[in-house]
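Hi,

Here is the structure I promised to pass on.

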Amino acid sequence: MKDFTRSDLLFSLCGLNCGLCPMHLDGHCPGCGGEGNQSCKIARCSLQHGKPEYCSQCQEFPCKKYEYIDAFDSFVTHQNQKKDLEKQQEIGVEAYRAEQEEKIRILKWLLQNCNDGRKKTFFCVAVNLLEFEDVRNVMAQIKSDETFGELSLKEKAAYVTGQFQKAADKQGIVLKLRKKK
């Protein structure tokens, strides 16, 4: 979109964690405000409201655009858009970015060391939807397991998936993308 640029391409204007999206990780999407970005009603709204970097910086947040924004997912889960913007607002941009960057490092490690070719979306969704401390706890469990290094890639993928699923079950979180019917 013309005249719409952003400095943070990992966390979108509307609250998507772009840095945890498979499309962004594969270099197919620059994130909103990046070169070649798509036209977006929220980006247009930002231009009309003084170009805030995040919707949470707008005086009208949360506006009517957030009523059903998290109903369905795309390549990245939309389930926590409003919640993540509120968390960023509460703990601050820098603290939220630090958490997100650590989640990105964790996700990259999972994809390099535990992806049997079938777990990319699952890992992206799990790292995105689980609270930061839950993700860190799962990683501590994995790294403290002395037998983990001896497992085949398929066994590692199953083991890690199981650990994330247990953490999600405790929180009542479903680790799947929700598509429109």
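A word on rings before anything else: I paired rings of Phe, Tyr and Trp (its six-membered ring) if their centres lie within 6.5 Å, calling planes under 30 degrees apart stacked, over 60 edge-to-face and the rest tilted. Ring pairs of this kind link Phe 11, Tyr 54 and Tyr 96 into a cluster.

Some housekeeping: this is a predicted model, with local features needing pLDDT of at least 70 and side-chain atom pairs counted only at pLDDT 80 or more, while totals for chains, interfaces and linings use all residues. Numbering runs from 1 along each chain as its sequence is written, and side-chain values use heavy atoms, leaving out hydrogens and water.

Back to the rings. The count comes to 7 aromatic pairs. One of them, Phe 11 with Tyr 54, is tilted, at 5.8 Å centre to centre and 40° between the planes. Phe 11 sits in the segment before H1 and Tyr 54 in the loop between H2 and H3, so the pair ties together parts 43 residues apart in sequence. (Helices are DSSP runs of H or I, at least four residues, numbered from the N terminus.) Phe 11 is buried at 1% relative accessible area, and Tyr 54 is buried at 4%; buried means under 20%, exposed over 50% and partly exposed in between, with a 1.4 Å probe and protein chains only. Phe 61 and Tyr 66 make an edge-to-face pair, with ring centres 5.2 Å apart and planes at 85°.

Next, H5 (residues 120–129). With 8 of its 10 residues buried, H5 is largely enclosed by the rest of the structure. Its cover includes H1, H3, H4, H6 and H7. The axes of H4 and H5 (lines fitted to C-alpha atoms over the stretch in contact, with angles from 0 to 180 degrees between N-to-C directions) come within 10 Å and cross at roughly 155°. That makes H4 roughly antiparallel to H5, a label for angles over 145 degrees. On the H4 side the contact (heavy atoms within 4.5 Å) is made by Lys 103, Ile 106, Leu 107, Leu 110 and Leu 111, and on the H5 side by Lys 120, Phe 123, Cys 124, Val 127 and Asn 128.

Gln 81, in H3, is buried at 2% relative accessibility, and its contacts beyond four places in sequence are Cys 14, Gly 15, Leu 16, Ile 69 and Asp 70. Phe 72, in the loop between H2 and H3, is partly exposed at 36%.

Cheers

Methods
Helix = DSSP H or I, 4+ residues; strand = E, 2+ residues; numbered from the N terminus. Parallel < 35°, antiparallel > 145°, perpendicular 65-115°, else oblique.
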